[in-house]
Amino acid sequence: MSKTIQSVRGMNDILPGESELWELFEETIRCWLKSYGYRPIRMPIVEPTSLFRRAIGEVTDIVEKEMYSFEDTLNGENLTLRPEGTAGCVRALIQHNLAAQRPQRLYYMGPMFRHERPQKGRYRQFNQVGVEAFGFPGPDIDAELILMGARLWDDLGLDGIRLEINSLGQSEERAQYRANLIAYFEKYRDALDEDARRRLYTNPLRILDSKNPDMQALIAEAPKLMAHLGAESMAHFEGVQQTLRDVGVPYTINPRLVRGLDYYNLTVFEWVTDRLGAQGTVCAGGRYDGLVEQLGGKPTPGCGYAMGVERLIALIRDMGGNPAPAGVDVYFVHQGEAASRLAPRVAERLRDQSIDVLFHCGGGSFKAQMKKADASGAHFAVIIGDDEAAAGEVTLKYLRETSADGETGRQQRVAVDRLGEEIMNALFEGEETDGSL
Ligand code: ATP
Ligand code: MG
């Protein structure tokens, strides 16, 4: 027997049972974004490799070692499966001149690809919801983007997600800081681990982000970026904090929060939970005023973030939120030649009336079909045999109703013309008494 083919390591199927939760999540996301006036944009999953090299930066984890890049064998182009969405979103903004007339509030969701070591909360294909705002220079939009997060956790029924913020200042300020940081770490060269030594002259800020316990004391004593910020940068940062305080969104300032991508300036932030182990950041982002120009567009301020859908879904599950997938309204049972010709028409008519119908396919006895109806979780079985068909009627069986004496399975004959109305009435009554469908 030949070996079966498995999915690529770190790339997962999302099966029925779980996928309903994903859909519910996506619906919540769409309503939430609409309530803030953000509009959907859809970009390709594959982009020219040069886009990510220019946008994300050469000395970053993503570009150094995580990209799925390949040559298109037909024309020799260098292509990459997108590792994140901001670069493609900015490319589209420039290409279609979107920000020329007015500022833009945009969002997207979908799969991203990074060649990382798969573990809980870290996959090679994972999903992000990305939110980006273009054309707003002030701290008001930074604050809006952060406030949105707080509301979403609430909409999703999540708590215990804390907010960390920091300011990276402007590039001149960072350049000064960078020099001081290099000088500091040079003094302790022997205490640096391999990663830090490699990054010392290329991306020393990333050393602050090290997870190595042996490096923590050294990092704690390092010069602080905040001390290098000028008045304008400080005012911007203070503006963001003012709104957070006014609206009552708690935060902590984390001076070591530098983010893994090169394009950020001023505000950066992360939403973090302790409930997911090492992969606790569920949402991260910040301001990237230089990126549009860096990619060849007119200078346009930008600010945004991305959240990890797998991590949020894990959190929803961890907090007990996994709604059992709702059954359909009707399981449709039919047997006999005349009945089986009438049945599809009746089922289509029910669907015209917005009733969900699972139509029995594959034949079998009434008994076998009724077993499937019971197992389906449907509210009703609609049953047509040749008897019913001849009379222009169906049998409507209540599968979930329990009468006062504990009996289930009340059933009645209903004319085909009245069936939809009867079902709607019964569904509506059920909703009034037990509050759920
Ligand atoms: P990390 O430090 O966890 O690697 P990152 O800084 O690389 O995160 P971003 O590029 O900011 O992550 O992506 C935003 C969010 O996307 C993360 O906060 C996380 O929730 C999610 N994410 C990033 N990489 C992965 C991955 N490989 N698998 C699942 N989710 C991910
Ligand atoms: Mg990463």
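In this predicted model, Val-268 has Gly-286 of strand E10 as its bridge partner. That pairing belongs to a set of 6 bridges between strand E9 (residues 265-272) and E10, two strands that run antiparallel. Gly-286 is also paired with a residue of strand E11, namely Gly-304. Another link of this kind joins Ala-284 to Ala-306 in E11. In total, 5 bridges hold E10 and strand E11 (residues 302-308) in an antiparallel arrangement. As a general point, strands of a sheet pair through backbone hydrogen bonds, and the pairing may be parallel or antiparallel. Strand E10 (residues 281-287) is mostly covered, with 6 of its 7 residues buried.

Several polar atoms approach the ligand. In the side chain of Glu-116, an N or O atom is 2.6 Å from a nitrogen atom of ligand 1. A polar backbone atom of Gly-308 is 3.3 Å from an oxygen atom of the ligand, and a polar side-chain atom of Arg-311 also lies 3.3 Å from an oxygen atom of ligand 1. On its own, ligand 1 has 590 Å² of accessible area, of which the protein covers 87%.

Glu-116 counts as buried because its relative accessibility is 14%, under the 20% limit. Arg-122, at 23%, counts as partly exposed. In general, side chains of opposite charge can pair when their charged atoms come close.

The model contains 23 salt bridges. One of them connects Arg-199 and Glu-64, whose closest N and O atoms are 3.8 Å apart. This pair links distant parts of the chain, since Arg-199 sits in helix H7 (residues 194-199) and Glu-64 in helix H3 (residues 61-66), 135 residues apart. Arg-199 is buried at 6% relative accessibility, whereas Glu-64 is partly exposed at 34%. Both residues belong to a network of salt bridges that also includes Asp-61, Lys-65, Asp-195, Arg-198, Arg-206 and Asp-209. Elsewhere, the side chains of Glu-238 and Arg-245 meet in a salt bridge at 2.6 Å, N to O. Glu-238 is partly exposed, with a relative accessible area of 35%, and Arg-245 is partly exposed at 42%.

Two further features complete the picture. Ile-45, Val-46 and Phe-70 make a nonpolar surface patch of about 210 Å². Val-46 belongs to strand E2 (residues 46-48) and is partly exposed, with 33% relative accessibility. Asn-12, in the segment before helix H1 (19-34), is partly exposed with a relative accessible area of 49%. Although Asn-12 and Arg-124 are 112 residues apart in sequence, their C-alpha atoms are 8.8 Å apart in space.

How values were computed:
Residues numbered from 1 in each chain as written. Chains lettered and ligands numbered in written order. Predicted model: local features only at pLDDT ≥ 70, side-chain atom pairs only at ≥ 80, totals over all residues. Heavy atoms only, no water. Buried < 20%, exposed > 50% of the residue type's maximum accessible area, 1.4 Å probe, protein only. Helix = DSSP H or I, 4+ residues; strand = E, 2+ residues; numbered from the N terminus. Pairing = 2+ DSSP bridges. Patch = residues over 30% accessible without salt bridge, like charges linked within 9 Å, V, L, I, M, F, W, Y side chains within 5 Å. Areas by Shrake-Rupley, 256 points an atom, 1.4 Å probe, with all protein chains shown as cover. Salt bridge = Lys/Arg side-chain N within 4 Å of Asp/Glu carboxyl O. Polar contact = N/O pair within 3.5 Å; in protein donor to acceptor, adjacent residues only side chain to side chain.
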